[in-house]
Protein chains: 2
Amino acid sequence: MRILEDGGVTSARGFRAAAVKAGIKPGTDRLDLALVASDRPASAAAVFTTNRVQAAPILVDREHLRRGSARAVVLNSGNANACTGERGVADARRTCALVAQALGVAAEEVLVCSTGVIGVPMPMSALEAAVPAVVAALAENGGALAAQAIMTTDTVPKSLAVEVELDGRTVRLGGMAKGAGMIAPHMATMLSVVTTDAALSSDLLGRLLARAAGRSFNCVTVDGDMSTNDTLLVLANGAAGGPAIEPDTDACERFYAGLEEVCRRLARMIARDGEGATKLIEIQVRGGRDEAEARQAGLAVANSNLVKTAVFGNDPNWGRILCAVGYSGVEIDPARVEVCLCGVRIYDHGSGQPFDQQALSQAMRTDEVPIAIDLQRGEAVAEIFTCDFSYDYVRINAEYTT
Amino acid sequence: MRILEDGGVTSARGFRAAAVKAGIKPGTDRLDLALVASDRPASAAAVFTTNRVQAAPILVDREHLRRGSARAVVLNSGNANACTGERGVADARRTCALVAQALGVAAEEVLVCSTGVIGVPMPMSALEAAVPAVVAALAENGGALAAQAIMTTDTVPKSLAVEVELDGRTVRLGGMAKGAGMIAPHMATMLSVVTTDAALSSDLLGRLLARAAGRSFNCVTVDGDMSTNDTLLVLANGAAGGPAIEPDTDACERFYAGLEEVCRRLARMIARDGEGATKLIEIQVRGGRDEAEARQAGLAVANSNLVKTAVFGNDPNWGRILCAVGYSGVEIDPARVEVCLCGVRIYDHGSGQPFDQQALSQAMRTDEVPIAIDLQRGEAVAEIFTCDFSYDYVRINAEYTT
């Protein structure tokens, strides 16, 4: 597998993308409408938020995905089209129809994603006026602009691609994501679109995507809040040529490895760019009875405001880490759990171990803080990504709509 | 029922209390050792944290409570005696023994509570040296000092008492609590001691306490972190005279009402004094199928960092409230849920309602912000207390040990 750091949603063959300023974000001069399109029908699959409150685009996408294929994804920032009632659903449908008309495809072949403020009707006249321009701007190198257009409180665009060898031919998988706040599993918030020029059925694509999401976006948390709009879409258009990938083959495993890699790297970028984050926190959990409990223990630590503020303050306060493992719901034995922070074993055998407080605090002054936890209950592992919790998280979220 | 705002753990007859500076909090000149004692054996019951990691004092208290009666509670701040292994348990036992010896009672009649930094051995020589002084200082008006001595990052001491008429005689219930950070249900963090001069069996006392905790301390959250030390103790010494309270009597219900009132008011004080709090948030949930789901929905909102930062910023962002209800795990229908903020109906029938953004933001500039949520699934209600989330929460918790 080869990582293409500069890659994105247009790295895979047969995909074009574009972004324009539609004026959906009032009072700013930022890109806010993106389009990703395949030059041929693509197998399509998705994972959505499990929040009971689901934004209008998700309701429409679920319908459109029943056919198992799609041609394009239209995404906007600045307005989430969530909690907007029947009008919101009509607006999402109309957005798909407008794009479909301009592309000359069926409305059901277009998927839609929105992110931004909740509860405000979509400014449809602005969006409608911008559709011809974004379609006209579609380009084979448009992935980078599209990744910019979906940002909200993100500070950097997030995209990359990988190349995977399958039976002598090369396929590419590329993706973009936006995240920042309201990030918690099932799903991590965010919008993410992954494209690939491999060929496979939408059914297989969906199963592989669910597995990859469990090890990537569902292992990221910023603030424990789960959004109404979380969406991960994947389109596979087969433009690389060659036979379709079949389940349980070597090619399928290689393709899956590429898909997981793209998702994991995007998820990690989201955690690193969490609202107000100054550091990425990587939590390695091992010794779980199964992957689910390893993830559960890691997420409790990752969601602990006390752990996250301690990391922000370079405070080697292992008590907070252990405490979070203790209330995670996993039936740990506190006398067997081990905790390492920045590679230093700070807790085992039921009590804190001697360590150099100054030196460890100094070691925490870095932009990636590793926490390793051994539950000593089995062989399963999980890796969770989160960020520290700073003054800026409060500033950003106290001032979002007003 | 009459509220005694100046009351506390020594309002009930037969109880004395005291506090001294033992030097357990290094480098400060603050009270850090408190003692509450009954002049006769008292029925005793407790509710403890459900964290798998439990501090040494809890392990010792569980043993001592097997006899169902106690004479005294010794409490220290500055050191939690948590994650301190076998040495911690020996230290907690020795603390009880030292106090018991000075009081002339059995070691098993003394309960112990600790709060403060996790993972540091208790400075036993300082504690040991201070025991004679705290015993000598026991006084019938010592409740206020005891409430001060258990503070950590609390900014105000928390205590009150109530008087309840039972069959023509008056009994008193008084309590003190400390809270501030690492507060989340089962239990809300904290130490709390409630005393009463009513007479009742430890068995009945325990059942009433569990019920009261479910509607008070377990309805409070500051940061979603559940501590290793959370303890709610109650002692009933019968000094008011009269027959013992029997279950399922009018007297029992009146006594319970007093106990719930003391617990709820202490819990509310804890939320108001949450770390960095500028406001109390009162979340009224109605329309639950049962009390448990009403509480679950309310706690999801109360634990949402996005809701708490929005309240801090006077931002009427109802989308975040609805979103938290949506991921609470309660199977709500988003088209039926209603949300009111500061008395203004801002969401119902599946979409946001028009409201004056400026006026509502202005209404939020107060020290008690009410949020009312109707789940429209049944008749059950719950009331949850939390606080807003400010820059100071981050400051306090980034700098706690270093």
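View 1. Of the 41 residues in the largest nonpolar core, the ones touching the most other members are Ile283(A), Val301(A), Leu322(A), Leu341(A), Ile371(A), Ile373(A) and Leu375(A). Such a core is a set of buried Ala, Val, Leu, Ile, Met, Phe, Trp, Tyr and Cys residues joined through side-chain atoms within 4.5 Å, where buried means under 20% relative accessible area, exposed over 50% and partly exposed in between (1.4 Å probe, protein chains only). Two or more residues each come from strand 10, helix 7 (291-302), helix 8 (305-312), helix 9 (318-327), strand 11 (338-341), strand 12 (344-348), strand 14 (368-374) and strand 15 of chain A. Helix 9 of chain A hands over the largest share, seven residues. Helices (H or I, at least four residues) and strands (E, at least two) are DSSP runs, numbered from the N terminus.

This is a predicted model, so to speak: local features need pLDDT of at least 70, side-chain atom pairs count only at pLDDT 80 or more, and totals for chains, interfaces and linings use all residues. Residues are numbered from 1 along each chain as its sequence is written, chains are lettered from A and ligands numbered from 1 in written order, and side-chain values use heavy atoms, with hydrogens and water left out.

**View 2. Ile371(A) and its neighbours.** Skipping residues up to four places away in sequence, Ile371(A) touches Ile281(A), Glu282(A), Ile283(A), Gln284(A), Val307(A), Ile321(A), Cys340(A) and Leu341(A). Contact here means heavy atoms within 4.5 Å.

**View 3. Strands 10 and 15 of chain A, side by side.** Strand 10 (residues 280-288) pairs with strand 15 in the antiparallel sense over seven bridges; DSSP has to find at least two bridges for a pair. Glu282(A) sits opposite Phe385(A) of strand 15. Strand 15 (residues 380-387) is mostly covered, with seven of its eight residues buried.

**View 4. Asn79(B), tucked into strand 4.** Asn79(B) belongs to strand 4 (residues 69-79) of chain B and counts as buried because its relative accessibility is 4%. A polar atom of its side chain lies 2.7 Å from the backbone nitrogen of Asn81(B), and one lies 3.0 Å from the backbone oxygen of Val120(B).

**View 5. Where chain A meets chain B.** The two chains bury about 4,200 Å² between them, 60% of it on carbon and sulfur atoms; buried area is the accessible area (1.4 Å probe) lost on being put together, summed over both parts. Each chain puts 54 residues into the contact.

Technical notes. A polar contact is a pair of N or O atoms within 3.5 Å; within protein, one must be able to donate a hydrogen and the other to accept it, and residues adjacent in sequence count only if both atoms are side-chain atoms.
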